[in-house]
Amino acid sequence: VSLMADIDADLIATTRRISDEVAAAYAIEVDREARFPTETVAALREAGAFSALIPNELGGAGVSLKAIAAACFELGRHCGASGMVFAMHQIQIACLVDHRGENAWFDDYLGEVVAEQRLIASITSEVGTGGDLGKSVAAVSEAGTDGYAGFEKRAPTVSYGEHADAFLTTVRRAPESEPGDQVAVLTRRDQMAMQPQGTWDPLGMRGTCSPGFIATARFTPEQVLPVPFSTVSAETMTPVSHVLWSHVWLGIATDAFDRARAFVKAAAKRKPGEHLPAAIGLSELMSELSLLRAEVGLGLREYCELHATDRSKLLEMATILRFNNLKIAASEQAPRVCQEALAVCGIVGYKNDTPFSVGRHLRDSMSARLMVANERIHTTDASLLLIAKEV
Amino acid sequence: MKDQIRQVIREHGNLPVAVESLADDADLYQAGMTSHASVNVMIALEDTFDVEFLDSMLKRSVFESVDSIATALAEVGVPA
């Protein structure tokens, strides 16, 4: 037990150091230029962080999801985009670890992630599905005489699509399958053609570099995860996404709070003993932040407990509602904290070049409600609430 | 009971194919039932058979075929 805890503590300490020393140093440039956080990703690679979640029997460090979540938080504090890239990679790893079954191809690939620190992206969104990740237009073609199958998928966004080494893509099981009958396929970059579509000049999370792509792939049937995507999604991808994303958002909001606090402290030092309205605002901000922290922390604990003790419970509608609500609550509370931090700091927070700037925090956190639109999640929840019993 | 189940699926499953064309063990999701439609099926089943499913039964796999729905209904006390 103590050995396991050491491994967790090591990852958290390492990502904290990388966040402080590397992510922080490049965050402004990454944001301004909407460029990939190359330096931070290189440092994470060097530290072996991309395989940290892979279990020991496949050669990984076997850290807990709690440690991964803490690492997302640490990175999010200094560079939201770096935190989000790290989080999204770990989500794909969690899906592969949980659902690879007896499939040796996936074991081999995860071994390669350990050895080469491969970065995995996902291609889940698709033009023509109205934002519903539970539906696909693209389908796995029938395998040819050479044993290779393929797909072509038009994705409106693929995060770090130019920079990933492999892609986990949702597609219909076969050409004749219904839109909801999906599987997930892992393909290496050298098995794919990625044709970029459009530009990438968004409001925030600019370093995730997520333009659209037309992705075509050729692969062998063993590269298809052996369970339906609906299971992968319900048991792992959706709840783990909501848990890890919300840790990144908590990191962003926490740094906004820290900046507001530094501002108030500096003001208090200049005018000792004087009444500071901003100090009251800071206290109010702390209670807003603590609400976010409570929901995010509880979501993580609940997921880890269910994942360890009773995974079938993750498929129940009451549980789906719970983790959907984590996403909605955290994605709305994080920008609220950033906006209130801006109100505390005033003009020096609004300016982009002061130690108290929170513009990037606000912009980055505003992406949260779009990453699977909250309105869509509310529609799902509204339906589930009609039938679920105890929620 | 299975006739009544099929009736509910016909009215609420929103399937692109006729429910009569599906075997009792055919996968309704593969036949095109959406998650949203499946919730409507669950609600209609509770209403038709005057039962309540437990939270532990309210998951996708329990409602994936006529057979699995019949098993679930038996579990909450509907006679076969």
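## About the model

This is a predicted model, in which local features need pLDDT of at least 70 and side-chain atom pairs count only at pLDDT 80 or more, while totals for chains, interfaces and linings use all residues. Residues are numbered from 1 along each chain as its sequence is written, chains are lettered from A and ligands numbered from 1 in the order in which they are written, and side-chain values use heavy atoms, leaving out hydrogens and water.

## The sheet and its helices

Strand 3 (residues 166–172) of chain A runs antiparallel to strand 4 of chain A, and 7 bridges join them. Another bridge partner in strand 4 of chain A is A:Thr187, which goes with A:Phe167. Helices (H or I, at least four residues) and strands (E, at least two) are DSSP runs, numbered from the N terminus; two strands pair if DSSP finds at least two bridges between them.

In chain A, an open sheet of 3 strands has the order 1-3-4, with mixed pairing. Its edge strands are strand 1 (120–123) and strand 4 of chain A, each pairing on one side only. Neighbouring strands here are turned by 25° against each other on average, direction ignored. Strand 4 (residues 182–188) of chain A is mostly covered, with 6 of its 7 residues buried (under 20% relative accessible area; exposed is over 50% and partly exposed in between, with a 1.4 Å probe and protein chains only).

Helix 5 (residues 104–116) of chain A lies across strand 1, strand 3 and strand 4 of chain A, at about 45° to strand 4 of chain A. Axes are lines fitted to C-alpha atoms, for helices over the stretch in contact, and angles run from 0 to 180 degrees between N-to-C directions.

## Nonpolar cores

A nonpolar core is a set of buried Ala, Val, Leu, Ile, Met, Phe, Trp, Tyr and Cys residues joined through side-chain atoms within 4.5 Å. The largest one has 113 residues, and those with the most contacts inside it are A:Leu65, A:Ile68, A:Phe86, A:Leu186 and A:Leu244. Helix 6 (residues 229–270) of chain A gives the most to this core, with 18 residues.

Leaving aside residues up to four places away in sequence, A:Ile68 touches several residues, among them A:Leu11, A:Phe86 and A:Leu244 (contact means heavy atoms within 4.5 Å). A second, separate core of 35 residues includes B:Ala26, B:Ala37, B:Ala70 and B:Leu73.

## Aromatic pairs and charges over rings

Over all chains, the structure holds 8 aromatic pairs. Rings of Phe, Tyr and Trp (its six-membered ring) pair if their centres lie within 6.5 Å; planes under 30 degrees apart count as stacked, over 60 as edge-to-face and the rest as tilted. The rings of A:Phe151 and A:Phe219 have centres 5.7 Å apart and planes at 45°, so this pair is tilted. Both A:Phe151 and A:Phe219 are buried. For A:Tyr303 and A:Phe323, the centres are 5.9 Å apart and the planes at 85°, so that pair is edge-to-face. A:Tyr303 is buried at 2% relative accessibility, and A:Phe323 is buried at 3%.

Ring pairs also link A:Trp105, A:Phe106 and A:Tyr109 into a cluster. Two arginines sit over rings: A:Arg218 lies 4.4 Å from the ring centre of A:Tyr148, and the charged end of B:Arg60 is 4.0 Å from that of B:Tyr29. Such a charge has NZ of Lys or CZ of Arg within 6 Å of the ring centre and within 35 degrees of the ring normal.
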